Structure formats: C-alpha cells, structure tokens
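Please consider the structure shown below. The paragraphs that follow lead through it step by step.

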Amino acid sequence: MRLLALSSVGLLGGALALNATDTTLSQEAQAQNEPAANVIAVQIRKQGFACDDVKGAEKDAKADRADLPVWILDCGNASYRVRLVPNMAAAVEKLD
C-alpha cells in the first residue's frame, strides 16, 4: 500500500524544511501494526469470519473515530473493515 508521508529534507537556519513524498509503508510501521493485526484477526475469527493468513492492518482514516477505531484487516483470503466496539462484538464488513 502506498502512503503520503512527510520526510525531513534538511535544516535551513534553524527551520525544519519538510517535503511530502510518496513512499511505501515502512518496515517499522508494519512492525508496529503487526500486533494490532493479529489481535483483530483473533477477534474476527471468534466471530466466525475466516482469516487464513494475516498480511497486516491499518487504520481506516475516513471511518475512524476517537471512541470507535476502524481498521482495514488484510488476510490471505479476504479483506475486512473492522470497527472495534469496547465490551461488544466487533462490527465486521467483508470488502471486495
């Protein structure tokens, strides 16, 4: 997946100059999302959804709210939009 990220290109007289660059998801960011992906996969499996091989998860910025996080979970066999609701079953939508 491709993301728009900010990267520093240098310091000019004490001011930080930033440049928007198109980059792939870094290995560090993938490593940070790996535990979340595994936890989400376990939750949807408990609810009867198939998730054979967890590829990763990322926040769905458009649907995400502070009190109800929404993740896009990429499994080997399917992708899901998962809304995590505290103390309740997750709302799971299979994506095409």
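**A buried aspartate and its surroundings**

Asp 60 counts as buried because its relative accessibility is 11%, where buried means under 20% relative accessible area, exposed over 50% and partly exposed in between, with a 1.4 Å probe and protein chains only. The model is predicted: local features need pLDDT of at least 70, side-chain atom pairs count only at pLDDT 80 or more, and totals for chains, interfaces and linings use all residues. Residues are numbered from 1 along each chain as its sequence is written, and side-chain values use heavy atoms, with hydrogens and water left out.

Asp 60 lies in the loop between strand E3 (54-59) and E4; strands (E, at least two residues) and helices (H or I, at least four) are DSSP runs numbered from the N terminus. Leaving aside residues up to four places away in sequence, Asp 60 touches Val 70, Trp 71, Ile 72 and Arg 81, a contact being heavy atoms within 4.5 Å. With the side chain of Arg 81, the side chain of Asp 60 makes a polar contact (2.8 Å). Such a contact is a pair of N or O atoms within 3.5 Å; within protein, one must be able to donate a hydrogen and the other to accept it, and residues adjacent in sequence count only if both atoms are side-chain atoms.

Of its 96 residues, 22% count as buried.
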